[in-house]
Amino acid sequence: MSDDESMDWSEEEVRYIQALLTWDPNEDARGRDEPIRQEDPPVGHFMFLVLGDKGCGKTSMVERFCQDTFHEYDDGEFPDSQYEQGCCHNIKIEEHIYILNAFEVASEHLTNYQQLEQAFQVTEAAVLVYSVRSRASFDIIQGIHDLICDTVGGRGYSLILVGTNSDCEDEQREVPWAEGYKLAHSFRLRCAFIETSAKTGENIHRLFPQLGKEVLELRWVTQQRKEEAEKVAATSSHCPEKRMAKWKSWTRSWAQLKLIGRKASASTVSPSISFLHS
């Protein structure tokens with residue numbers, strides 16, 4: 001090939017040449033020696049509800065958690081409740097992976113008590129959401145809590161109260177932090193409390209793992225109570241209560257006769273004692 005002849009390379013050939021020129025056999029060997037770490041499989045799952053007034057920040061909170069994105073809306077503009085069918089996301093609790101399904105309940109369904117009761121029956125926990133910029137959204141939380149209590153009865157159910165828009169200016173805030181904390185601790189059901197900001201991401205990724213820990217603890221307590229009840233039932237089934245009852249009936253006449261004999265002996269001895277003292 002003469003010096004004045006040009007050499008044309010295709011893009012694929014250029015990439016191949018570049019790879020050859022930059023290839024380091026030692027680096028390739030190191031890569032083979034290092035084991036490939038695979039993510040551990042999930043060990044369980046959770047099903048949570050997300051409830052609150054319209055425009056309180058439910059959708060933005062779930063979107064930030066599941067997709068790590070945030071869309072800012074103008075005042076009076078509300079996003080669609082796009083997570084009514086659930087938002088599936090993995091969370092890690094104490095080095096274990098769990099699958100979380102969070103179901104957002106649209107505000108217009110808060111008065112559909114039959115639908116809410118069904119939702120409470122198939123879930124283990126609920127996120128009660130209000131905006132720190134809206135006193136009205138805060139005031140309806142107590143009613144939602146009371147409905148949950150009436151529905152779940154004595155069954156264990158975990159709650160967390162969440163105040164959104166914590167990044168707002170002081171003059172925009174209508175609900176102080178202390179009021180949210182006080183309300184959460186006044187509930188009949190055990191309830192944690194946290195303030196979040198979907199805009200900045202503050203506490204969003206702490207929220208659901210914290211509620212997951214509450215559910216795991218509740219599961220453990222429920223299992224302990226169940227095992228204790230089974231032990232008591234097993235002990236009762238092996239305990240000869242009926243035999244003891246028959247034994248008492250068999251020995252009752254003997255005891256009565258024994259008592260009568262003692263009284264008779266005492267009546268015969270008494271005169272002599274009286275006589276000796278007379």
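**Exercise 1. Identify the residues of the negative surface patch, and locate Asp167.**

Solution. Asp167, Glu169, Asp170, Glu171 and Glu202 form a negative surface patch. Patches take residues with over 30% relative accessible area and no salt bridge, like charges being joined within 9 Å and nonpolar side chains (Val, Leu, Ile, Met, Phe, Trp, Tyr) within 5 Å. Asp167 is in the loop between β5 (158–164) and α7 (177–184); helices (H or I, at least four residues) and strands (E, at least two) are DSSP runs, numbered from the N terminus. Its relative accessible area of 31% makes Asp167 partly exposed. Here buried means under 20% relative accessible area, exposed over 50%, and partly exposed in between, with a 1.4 Å probe and protein chains only.

The model is predicted: local features need pLDDT of at least 70, side-chain atom pairs count only at pLDDT 80 or more, and totals for chains, interfaces and linings use all residues. Residues are numbered from 1 along each chain as its sequence is written, and side-chain values use heavy atoms, with hydrogens and water left out.

**Exercise 2. Determine which side chain Thr123 contacts, and whether Thr123 is buried or exposed.**

Solution. Thr123 sits in the loop between α4 (113–121) and β4 (125–131). With a relative accessible area of 2%, Thr123 is buried. Its side chain makes a polar contact of 2.7 Å with that of Tyr157. A polar contact is a pair of N or O atoms within 3.5 Å; within protein, one must be able to donate a hydrogen and the other to accept it, and residues adjacent in sequence count only if both atoms are side-chain atoms.

**Exercise 3. Describe the backbone and setting of Glu95 and Asn203.**

Solution. Glu95 is not a glycine, yet has a positive phi of about 70°. Glu95 lies in the loop between β2 (87–93) and β3 (96–104) and is exposed at 62% relative accessibility. Asn203, likewise not a glycine, has a positive phi of about 65°. The loop between β6 (191–195) and α8 (204–238) holds Asn203, which is buried at 19%.

**Exercise 4. State how many salt bridges the structure holds, and examine the pair Arg173 and Glu195.**

Solution. There are seven salt bridges, each a side-chain nitrogen of Lys or Arg within 4 Å of a carboxyl oxygen of Asp or Glu. One of them joins Arg173 and Glu195 at 2.9 Å, N to O. Because Arg173 is in the loop between β5 and α7 and Glu195 in strand β6, the pair ties together parts 22 residues apart in sequence. Arg173 is partly exposed at 25%, whereas Glu195 is buried at 9%.

Conventions: Areas by Shrake-Rupley, 256 points an atom, 1.4 Å probe, with all protein chains shown as cover. Lys, Arg positive; Asp, Glu negative; His and termini not counted. Charge placed at Lys NZ, Arg CZ, Asp CG, Glu CD.
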